[in-house]
Amino acid sequence: MNTDKKEKGRLGRFVESFGLPRLIIAAFLLLLLILAPIVGADLPTQITNIIARFSWNGILVLAMVPMVHSGCGLNFGLPLGIISGLLGATLSIEFGFTGPISFVMAILIATPFALVFGCGYGWLLNKIKGGEMMIATYVGFSSVSLMCMMWLILPYKSPNMVWGLSGKGLRTTISLEGYYIDALAKILRIKIGNLEIPTGTLLFFALLALAIWAFLHTKTGTAMTAVGSNPTFARAAGINVDKIRLLSVVMSTWLAAVGILVYEQGFGFVQLYMAPFYMALPAVSAILIGGASVNKASIMNVIIGTILFQGIVTMTPTVMNNIVHMDVSEVIRIIASQGMILYALTRRTEGSK
Amino acid sequence: MNKSGKTKFNLGSFLRRSSVPIMFIIICAFCIPLSGLSPSYLINEIVTRMGRNAFLILSLLIPIMAGMGLNFGMTLGAMAGEIGLILASDWQIIGIPGMILAMILSIPISILLGLFCGKILNMAKGREMITSYIMAFFINGVYLFVVLYMMGSVIPIKHNNIKLPRGYGIRNTVSLLSMRQKLDNLIPLTINGVKIPVATFIVIAVLCLFIMWFRRTKLGQDMRAVGQDMEVARDAGINVERTRIISIIMSTILAGIGMIIYLQNMGNIATYSSHSQIGMFCIAALLVGGASVDKASIGNVFLGVILFHLMFIVAPKAGAAITGDSMIGEYFRVFVSYAVITIALIMYETSKRKQKKMGGEALRQAQLEEEKK
């Protein structure tokens with residue numbers, strides 16, 4: 001990929017392999033962590049926050065992996081999967097499930113939706129190879145805005161979810177109190193002083209990550225990587241490219257559905273209507289920050305990326321506010337995350353195009 | 001790209017190409033009676049909205065000509081226009097001179113942003129649209145930084161009525177009362193109760209003429225050549241990268257001026273949100289007018305404005321009439337805007353693939369014939 005590798009020192013090579021923006025972001029997070037105790041922020045609380053946010057978002061970022069592997073690019077259509085998750089969540093509550101069972105039921109109900117939506121979405125993406133990312137973005141947008149209407153029209157009845165006054169149409173945010181709030185986080189929760197670790201959620205993430213890792217090492221998984229890195233070669237080797245791509249899209253969509261449910265159990269609310277609209281972008285930038293590119297991503301990228309991204313999101317407001325007394329965190333978050341996506345898009349990648 | 005299209009008028013392909021406008025005509029025809037709005041009100045609204053939006057939408061044409069697709073980065077120009085207007089209104093230059101000053105201020109910012117955007121897009125050939133789309137978000141972060149933190153602290157802002165109470169940063173809305181509809185009302189004309197913003201239309205007409213003239217210039221021809229095939233253009237001695245950057249810069253400048261015209265009609269700036277949706281609405285309107293990702297004409301712009309905004313006006317009322325809930329209509333029009341862009345993008349990609357396939361088959365045919373001889 002890079003022709004002028006000869007005359008660079010070891011540091012230069014390291015920077016190149018790790019990526020300069022990634023290095024800057026990692027250094028920035030490190031700086032924030034060092035500064036935090038100095039400016040009077042409680043470090044254990046901060047770390048608790050980072051871990052908690054990692055556990056909420058991990059699976060949403062993981063949902064990028066299959067599609068990147070099969071060469072479908074970054075899954076900007078994540079909202080489609082999120083919608084399947086939301087359908088699972090609301091239907092599970094509607095059917096009267098409570099407590100942790102409602103979480104299991106939400107996943108079970110979301111699954112058929114994710115499979116159907118994923119199949120349709122994958123079929124579409126097979127029709128338009130080469131332009132996946134832009135169309136994925138707009139498939140996400142269209143589906144979110146379509147569902148905005150649906151949330152109003154669908155005959156939901158549960159008094160905990162519909163508007164109190166008119167008795168119909170779902171609320172914009174639905175509290176999960178009494179349903180599956182902390183359903184995973186409660187399991188084996190570790191508490192040391194101010195430090196709190198939601199072991200259950202982390203284990204659940206680890207389980208799925210392991211499953212994806214194992215899958216990528218099966219025969220089908222290897223075929224998926226082959227399709228992603230060189231579709232012509234893969235076709236010559238007798239792999240049904242379209243089928244593999246479809247499978248990867250369905251997997252991504254299902255992971256997104258589960259991901260949003262895990263996010264909700266930590267966050268404590270179901271957010272409907274326009275909330276899923278921009279949810280793809282943080283996940284996309286997280287995996288890119290973790291070292292993935294448009295056609296290459298590993299589980300390690302997911303873990304590193306989510307920690308770095310969520311670390312910056314949680315740390316900047318507290319630390320920056322204490323230093324300069326103005327809330328530039330939003331600006332830093334936007335520039336860092338969008339800048340990362342831009343950087344990744346401008347890299348020349350083999351296999352694509 | 002499309003050699004066979006010109007030879008024969010083909011009803012099927014015509015229907016396919018204009019399926020989006022036809023769909024919209026049907027939606028509008030269905031919604032107008034349901035909305036219960038009077039024709040004169042509708043005509044009035046459409047004329048106003050055409051004056052407001054046409055310039056912005058026209059700014060999209062040049063990058064399409066250069067084969068760079070829909071320029072989601074037009075938001076960059078919109079932001080430059082807003083910065084120009086904020087400064088002009090702080091210096092209390094009112095009326096038309098204020099607008100002209102805002103335009104002059106916006107142009108250097110637009111050039112800088114356009115140059116940056118063009119350079120990045122050259123690095124991401126083949127993915128221009130998604131890159132320009134992310135670019136809009138990225139520059140929005142920079143814009144936030146400038147407007148929310150730099151203005152008032154580094155960039156002097158004198159008047160407290162546009163500053164946040166904390167002493168720096170711009171308020172959520174900046175009133176443009178002194179410029180409100182100054183251009184629209186410069187030459188007052190009312191026909192049958194329909195108010196026509198003559199001066200705005202003149203400006204738009206001048207831009208249309210400029211675009212028509214520009215197409216025939218050397219640079220315009222170069223852009224079209226680049227749009228057709230980058231490699232062939234490069235072999236013909238055209239500096240492809242430079243041409244592409246120029247097309248983006250021009251689009252950004254025009255978008256900046258367009259935004260100023262848009263905002264003088266609205267009468268205030270929503271500092272942090274005016275520009276965020278503008279790209280999406282303009283692109284949707286252009287596509288509704290029958291444009292595609294690689295082909296758009298001035299006619300598409302005007303047809304698009306009429307159809308898209310007609311739908312926009314009548315959808316909430318019609319939605320309320322059908323379901324008894326006005327929110328459904330609101331969501332419906334948002335959905336339709338996104339769906340139109342989605343469909344247009346899908347049609348573009350599928351036809352591109354089909355053409356590629358046809359090209360391959362034609363080559364094979366030619367080779368077979370060669371062998372026969």
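Predicted model: local features only at pLDDT ≥ 70, side-chain atom pairs only at ≥ 80, totals over all residues.
The size of an interface is often given as the accessible area lost when the parts come together. Here, chain A and chain B bury about 3,800 Å² between them. Of this area, 76% lies on carbon and sulfur atoms. The contact involves 46 residues of chain A and 39 residues of chain B. In chain A, the residues that lose the most area to chain B are A:Met134, A:Tyr138 and A:Leu342. Together they account for 18% of what that side buries.

Polar links across the interface were also examined. Between chain A and chain B, 0 salt bridges are found. Polar contact is found for 3 residue pairs, with both residues at pLDDT 80 or more. On the side of chain A that touches chain B, the elements giving two or more residues are α6 (99-127), α7 and α14 (329-346) of chain A. The largest share comes from α7(A), with 14 residues. By residue class, this side of chain A divides into 29 nonpolar, 11 polar and 6 charged residues.

Aromatic rings form a second theme. A pair of aromatic rings is described by the distance of the centres and the angle of the planes. Over all chains, the structure holds 30 aromatic pairs. In one of them, A:Tyr138 and A:Phe141, the ring centres are 5.3 Å apart and the planes stand at 80 degrees, so the pair is edge-to-face; planes over 60 degrees apart count as such. Both residues lie in helix α7 (residues 132-153) of chain A. They are 3 residues apart, about one turn of the helix. A:Tyr138 and A:Phe141 are both buried.

A pair in chain B has another geometry. B:Phe210 and B:Phe214 are stacked, with 5.9 Å centre to centre and 25 degrees between the planes. These two residues are separated by about one helical turn, because they are 4 residues apart in helix α9 (residues 198-216) of chain B. B:Phe210 has 32% relative accessibility and so counts as partly exposed. B:Phe214 has 5% relative accessibility and therefore counts as buried. The cut-off for buried is under 20%.

Ring pairs also build a cluster with members from chain A and chain B. From chain A, it includes A:Tyr138, A:Phe141, A:Phe277 and A:Tyr278. From chain B, it includes B:Phe72, B:Tyr133, B:Phe137 and B:Tyr338.

Conventions. Residues numbered from 1 in each chain as written. Chains lettered and ligands numbered in written order. Heavy atoms only, no water. Phe/Tyr/Trp six-rings, centres within 6.5 Å; stacked < 30°, edge-to-face > 60°. Buried < 20%, exposed > 50% of the residue type's maximum accessible area, 1.4 Å probe, protein only. Contact = heavy atoms within 4.5 Å. Buried area = accessible area lost by both parts, 1.4 Å probe. Salt bridge = Lys/Arg side-chain N within 4 Å of Asp/Glu carboxyl O. Polar contact = N/O pair within 3.5 Å; in protein donor to acceptor, adjacent residues only side chain to side chain. Nonpolar A, V, L, I, M, F, W, Y, C, P; charged D, E, K, R; others polar.
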